[in-house]
Amino acid sequence: MAVPDVWDEAWLAIQGAQVRSALMQLSSEQRNVIELAYFKGWTHSEIAEGCQIPLGTVKARMRLGLIRLRRILQEMGVESL
């Protein structure tokens with residue numbers, strides 16, 4: 001049985017906390033579409049239908065939210081995940 005590296009697990013936990021913190025700084029609209037896409041696996045079309053918003057709005061919120069999320073994470077010192 002392989003023993004997980006404690007340092008790797010600790011680093012992943014820190015990164016997870018940073019991502020959660022960064023997500024909370026987004027608008028609720030941006031955070032919602034990102035969470036549905038990345039944590040629930042919904043497509044843009046499924047998000048549009050499920051949230052009853054135009055597909056173009058979903059794509060715009062996703063794009064702007066991810067740009068802002070990257071900027072926030074960079075300010076936290078996170079280079080890439």
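Predicted model: local features only at pLDDT ≥ 70, side-chain atom pairs only at ≥ 80, totals over all residues.
Colleague: OK, the fold. How many helices and strands?
Modeller: Four helices and zero strands. Along the sequence the pattern reads α-α-α-α. The radius of gyration is 15 Å, well over the 12 Å that the globule rule gives for 81 residues, so the protein is more spread out than a compact globule.
Colleague: What box do the C-alpha atoms fill?
Modeller: Roughly 45 × 35 × 15 Å, taken along the principal axes.
Colleague: And how much of it counts as buried?
Modeller: Of the 81 residues, 27% count as buried. The exposed surface comes to about 5900 Å², with carbon and sulfur atoms supplying 56% of that.
Colleague: Contacts next. Of those between residues at least 6 apart in sequence, what fraction join residues at least 24 apart?
Modeller: That fraction is 58%.
Colleague: Let's look at α4. What should its 21 residues span?
Modeller: At 1.5 Å a residue they should span 30 Å, and the end C-alpha atoms are 30 Å apart, which agrees.
Colleague: Which of its residues are buried?
Modeller: Val58, Met62, Gly65, Leu69, Ile72 and Leu73 are buried in α4. Viewed down the helix axis, the buried residues fall within an arc of 100°, so they line one face of α4.
Colleague: What sits on the face turned away from that?
Modeller: The exposed residues Arg63, Arg70 and Glu75 are carried there.
Colleague: And what covers the buried residues of α4?
Modeller: The cover includes α1 (6–24), α2 (28–38) and α3 (44–51). As for α2, the cover over its buried residues includes α1, α3 and α4.
Colleague: Which residues of α2 are buried, then?
Modeller: Gln30, Arg31, Val33, Ile34, Leu36 and Ala37.
Colleague: Back to isoleucine 72. Why is it called buried?
Modeller: Isoleucine 72 has a relative accessible area of 6%, and the cut-off for buried is under 20%. Not counting residues up to four places away in sequence, isoleucine 72 touches Ala22, Gln25 and Leu26. The C-alpha atoms of isoleucine 72 and leucine 26 are separated by 9.2 Å, and the two residues are 46 apart along the chain.
Colleague: What about threonine 57, where is that?
Modeller: Threonine 57 is in α4 too, which runs over residues 55–75. Its relative accessibility is 27%, so threonine 57 counts as partly exposed.
Colleague: Backbone now. What is phi at glutamine 52?
Modeller: Phi of glutamine 52 is near 55°, a positive value in a residue other than glycine. Most residues other than glycine have a negative phi.
Colleague: Where does glutamine 52 lie?
Modeller: In the loop between α3 and α4. Glutamine 52 is exposed, with a relative accessible area of 72%.
Colleague: And which residue with positive phi follows α4?
Modeller: That is glycine 77, with phi near 95°.

How values were computed
Residues numbered from 1 in each chain as written. Heavy atoms only, no water. Helix = DSSP H or I, 4+ residues; strand = E, 2+ residues; numbered from the N terminus. Buried < 20%, exposed > 50% of the residue type's maximum accessible area, 1.4 Å probe, protein only. Expected span 1.5 Å × (residues − 1). Arc of directions from axis to C-beta. Contact = heavy atoms within 4.5 Å. Rg over C-alpha atoms; globule rule 2.2 N^0.38 Å. Areas by Shrake-Rupley, 256 points an atom, 1.4 Å probe, with all protein chains shown as cover.
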